Amino acid sequence: MIDPMPGRLDADEVLTRLIDGNARFIRGTARFPTVQKEVLAELAKEQRPSATIIGCSDSRVPPELVFDAGFGELFVIRVAGNIISPEIMGSLQYATLHLQTPLVVVLGHSDCGAVHAATALKWYGVKSARRISDVLDRITPGLPDRDPLLAPAKQIHDAVEANVRWSMDQLLQTPEGRARMAEGAMKLVGGVYHLTTGRVEFFASGPSPAADC
């Protein structure tokens, strides 16, 4: 059984757990448990997640399964295109201030439909329904300009990573984000889940991947 409330870990230890869990998921040796009454009883008293995941709503990318995490291990915030909005920021602030999760992961995924639609809007002027456009308007500022020399698949791959980095940048630009990072109380990493392999590629903030885990 996976401990639903492990002892407090630091951000690097939590990231290692996620990497190891993703490796088990890929190998087909995931430990994700059948629900047990004693686990639910403990979690009913309190939650103590070790990581916050800001991910896309895509049904093919459930973080608990992708990282082979047990009940109570992850605080998951999911929204189309893993965008940053006031509502997402409120949930994140709760996770970092009250639950004190030391690691925050912005998790995008390959062939993201929201990113596809945002590139169609930015590069070709293709409009979407009004509420969908509200989502796309939060993605387009972080997208690169279209490079006609790149293959379409590579263009989308780069746009997906750029969108993750854009979400990370927005978090780092907030006073709360800067304060938590300066205190050393929070580590922020990005990741892209590859639909065809199940693998998560992690990277730090910045213009180029810092780690390929």
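How do H5 and H7 lie relative to each other: roughly parallel or roughly perpendicular? Keep that in mind while you set up the view. This is a predicted model, in which local features need pLDDT of at least 70, side-chain atom pairs count only at pLDDT 80 or more, and totals for chains, interfaces and linings use all residues. Residues are numbered from 1 along each chain as its sequence is written, and side-chain values use heavy atoms, with hydrogens and water left out.

**Stop 1: the sheet.** Select the strands. Helices (H or I, at least four residues) and strands (E, at least two) are DSSP runs, numbered from the N terminus. Five strands make an open sheet of mixed pairing, in the order E2-E1-E3-E4-E5; two strands pair if DSSP finds at least two bridges between them. At the edges you'll find E2 and E5 (200-203), each with a single partner strand, so one side of each has no neighbour in the sheet. Ignoring direction, neighbouring strands here are turned by 25 degrees against each other on average.

**Stop 2: strand E1.** Now pick residues 51-55, which are E1. Five of its five residues are buried, meaning under 20% relative accessible area, with exposed being over 50% and partly exposed in between (1.4 Å probe, protein chains only). In a regular strand the side chains alternate between the two faces of the sheet. Look at E1 from either side: Ala51, Ile53 and Gly55 are buried on one face, Thr52 and Ile54 on the other.

Next, show the partners. E1 runs parallel to E2 (residues 74-78), joined by five bridges. Alanine 51 sits opposite leucine 74, and threonine 52 has phenylalanine 75 as its bridge partner in E2. Five bridges also link E1 to E3 (residues 103-109), again parallel, with isoleucine 54 opposite valine 106.

**Stop 3: serine 167.** Serine 167 belongs to H7 (residues 152-172) and counts as buried because its relative accessibility is 1%. Draw a line from its side chain to the backbone oxygen of asparagine 82: 2.8 Å.

**Stop 4: H5 against H7.** Stay on H7 and select H5 (residues 113-124); the helices pack at an angle of about 105 degrees, axes 10 Å apart. Axes are lines fitted to C-alpha atoms, for helices over the stretch in contact, and angles run from 0 to 180 degrees between N-to-C directions. H5 and H7 are therefore roughly perpendicular, the name for 65 to 115 degrees. Show Val115, His116, Thr119 and Trp123 of H5 with Gln155, Ile156, Ala159, Val160 and Asn163 of H7 to see the contact.

**Stop 5: proline 148.** Step back to the loop between H6 (130-136) and H7, where proline 148 is found. Proline 148 counts as exposed because its relative accessibility is 57%. Run a C-alpha to C-alpha line from proline 148 to arginine 131: 17 residues apart in sequence, 30 Å apart in space.

**Stop 6: both ends of H8.** Finish on residues 175-183, where at the helix start a side-chain oxygen of threonine 174 reaches to within 2.9 Å of the backbone nitrogen of glycine 177. Just after H8, glycine 184 takes a positive phi of about 75 degrees.

Methods. A polar contact is a pair of N or O atoms within 3.5 Å; within protein, one must be able to donate a hydrogen and the other to accept it, and residues adjacent in sequence count only if both atoms are side-chain atoms. Angles under 35 degrees count as roughly parallel, over 145 as roughly antiparallel, 65 to 115 as roughly perpendicular and the rest as oblique. Contact means heavy atoms within 4.5 Å.
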